[in-house]
Amino acid sequence: MRAVAVYKWSRATASALVRQDGEVDWGSAKMAAGDDDPAVLTIAKELAGADGSVVGLTIGDGETAWALARGLDTAYAAPQVGPSPDNAATARALAQAVDQIGEVDVVVIADAVAHPGVAAALAAVLGWPVLLGVNSAEAAGGRVNARRRVGNAVETLSLPTPLVLGAVAVGEEAKPPGMMEMIKARKKPVTELAVAPPEAGVAARGTRRPDRQGARLFDGSADEAAASLVAALRGDGLL
Amino acid sequence: MSETPEVDFDVIVIGAGVAGCVSAHELAKAGRSVLLVERGPEPGAKNLSGGVFYCRVMEQVFPSFADAAPVERVITRNCLSFLNRSSFVNLDYADERLAEPVNAVSVLRARLDAWLAEQCEQAGVMLMAGIKVDRLLVEDGRVMGIGAGEDELRCHVVVAADGVNSFISRDAGFRAKDPPNHLAVGVKSVIGLDRGVLEDRFNLEGDQGAAYAVVGDCTKGVGGGGFMYTNRESVSIGVVLRLDDLARSGHSAAGLHDHFVDHRFIAPFLKGGELLEYGAHLVAEGGQAMVRDLVRPGLVVVGEAAGLALNTGLTVRGMDLAAGSALAAAEAVEAALAAGDCSAASLDRYRRNLAASFVGRDMATYRRAPAFLEGRRMFNDYGPLLADVFHGLYDLDLKPRRHLLKTAREALKAAPVGLTDLMADGWKALRAL
């Protein structure tokens with residue numbers, strides 16, 4: 001099975017500044033691997049198994065060695081395309097790149113909280129089925145068995161290929177790469193894809209800060225503050 | 001000339017703050033292969049919000065630094081404030097000359113450090129973030145590289161720029177644990193304010209900014225002080241508390257921070273603001289006395305890791321000293337590499353460069369400042385005394401007016417400070433500052 005692991009396709013949200021008028025200033029926020037990207041790689045590797053292959057795919061102007069330092073030997077990059085506020089435009093750009101990579105069985109991409117809908121939109125553009133919230137997967141007889149949490153249960157679904165999986169991490173990255181792996185990764189070749197930046201279908205006409213729920217502080221000694229907190233929770237019907 | 005061992009890089013710099021980035025940038029610009037290792041997931045990620053950067057030195061590294069770098073505001077107004085329970089005396093100095101050329105800027109380190117690291121990469125530095133260097137590789141007393149987990153990398157020179165705690169310096173035997181009177185804890189909040197409101201409250205125009213240095217009731221008499229400076233759309237405010245005095249006082253650092261922020265003369269600056277960040281950070285306060293060895297065979301230490309920080313009571317400096325030390329170190333390391341000799345004697349050029357630079361000279365000039373600032377009268381007595389003098393001048397209570405000197409003498413008589421104390425402290429201040 002040939003899998004594409006899509007990584008580092010958005011900017012670091014923690015580096016963005018929200019101005020007082022609500023404008024989001026991305027400033028020096030770089031392209032960054034998302035919290036779910038390590039899970040993307042793990043799932044793609046599980047699917048490929050010993051007989052298959054995984055290639056990485058990234059967009060934007062970021063450093064590309066992230067996936068190569070985590071065991072991939074091949075990566076593609078579309079540096080002309082940056083993340084768009086229009087999630088569908090980002091998905092169209094990724095779909096163009098997937099098309100150029102050639103024959104692919106599965107595309108694994110983060111089902112990212114900060115960018116909801118990209119995984120589903122990518123599947124729609126490719127015309128493939130999609131499963132979101134996936135925690136793990138493996139190939140089985142030309143199909144994909146994917147698992148995800150549903151409430152307290154774990155659901156396993158058997159899916160045909162080609163398809164898109166939206167991955168969700170269940171924990172921290174188990175073993176981040178060391179210095180040597182990072183240095184070797186930067187020496188591995190990255191193939192650049194010529195992907196035309198798709199036109200964004202949404203444009204901001206104004207900004208405002210979201211309404212905020214003010215914090216409530218409880219003064220006094222620790223016992224008094226705890227008692228006030230409990231009283232407030234009871235008052236709000238939460239206890 | 002000594003042997004030239006096989007290496008992965010000419011230089012490995014530990015820490016992508018101001019000192020680390022400037023060192024790495026200058027050495028890469030000189031054509032050296034440089035690895036810049038940062039512990040945080042991104043450069044700037046580990047830094048607590050920001051500070052006032054006396055940035056003239058950066059023009060030597062990045063021409064038009066103040067225009068090109070992501071700075072918040074150009075500081076053109078400095079206030080030295082004596083804060084008392086019911087009075088507030090300010091020496092307010094605003095000067096357009098401080099904007100041309102730019103003298104100081106407020107910065108948010110998450111943005112500045114990311115920008116600096118980007119300049120390094122453009123100069124050819126290999127940046128590696130998310131790596132915690134846990135040891136130096138030492139052979140026959142010479143530093144040969146770094147180790148992180150199972151991996152080891154070798155180089156001709158390691159530049160330790162890993163901040164005030166510098167475990168690398170301690171491992172190398174440079175620094176024992178610093179005594180508590182050499183260290184302070186800084187507790188800081190960043191309060192978001194509408195830009196127009198902020199500029200009105202601090203009497204600012206455009207990108208101009210203000211910085212306050214505060215002593216007195218902001219720390220309830222604990223050695224240290226308060227600070228407040230303006231960013232583009234926020235105010236950074238907090239206290240710096242000498243550890244030994246804080247421990248003696250029985251106060252908590254967080255409690256004193258809250259006391260300052262809620263103080264009746266400070267709270268109006270922040271009214272309606274939104275808390276954006278809150279955190280604490282260890283600060284070097286020992287001045288010249290904290291500066292230890294700077295060089296070992298194959299190793300130099302720069303910035304706060306070398307103890308380079310200055311609190312004169314008027315200015316709190318660290319980033320400019322970091323940049324200055326990095327320039328001094330980079331020149332010496334480049335000379336050592338060119339000579340093929342990275343011994344302590346060869347790298348000692350860094351110590352001489354530093355001593356001759358503004359960094360070494362300023363550290364020497366202000367060597368008495370820490371001892372002067374340890375005097376309790378600075379924090380407890382002079383603020384109320386000044387307020388009493390001004391009260392005597394402005395409180396027109398229908399009694400006949402007296403000359404300033406007489407008014408001051410009356411205030412002094414009522415204060416716990418004697419004339420001898422005043423003269424002694426004045427003399428100390430003149431010598432220290």
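Into which domains is chain B divided? In this predicted model, chain B comprises domain 1 (9-39 + 131-178 + 287-367), domain 2 (181-284) and domain 3 (375-432), with bounds from an automatic or database domain assignment. Residues are numbered from 1 along each chain as its sequence is written, and chains are lettered from A in the order in which they are written. Local features need pLDDT of at least 70, side-chain atom pairs count only at pLDDT 80 or more, and totals for chains, interfaces and linings use all residues; side-chain values use heavy atoms, without hydrogens and water.

The centres of domain 2 of chain B and domain 3 of chain B, taken over C-alpha atoms, lie 26 Å apart. Seven residues of domain 2 of chain B and four residues of domain 3 of chain B form the contact (heavy atoms within 4.5 Å).

The table sets out two interfaces by buried area, the accessible area (1.4 Å probe) that two parts lose on being put together, summed over both.

| Interface | Buried area | Share from carbon and sulfur atoms |
|---|---|---|
| Domain 2 of chain B and domain 3 of chain B | about 450 Å² | 51% |
| Chain A and chain B | about 1900 Å² | 56% |

In chain A, Gln20(A), Lys30(A) and Met179(A) lose the most area to chain B, together 35% of what that side buries. Between chain A and chain B there are two salt bridges, each a side-chain nitrogen of Lys or Arg within 4 Å of a carboxyl oxygen of Asp or Glu. Lys30(A) and Glu121(B) are joined through their side chains by a salt bridge (3.2 Å, N to O). Between domain 2 of chain B and domain 3 of chain B, the count is zero salt bridges.
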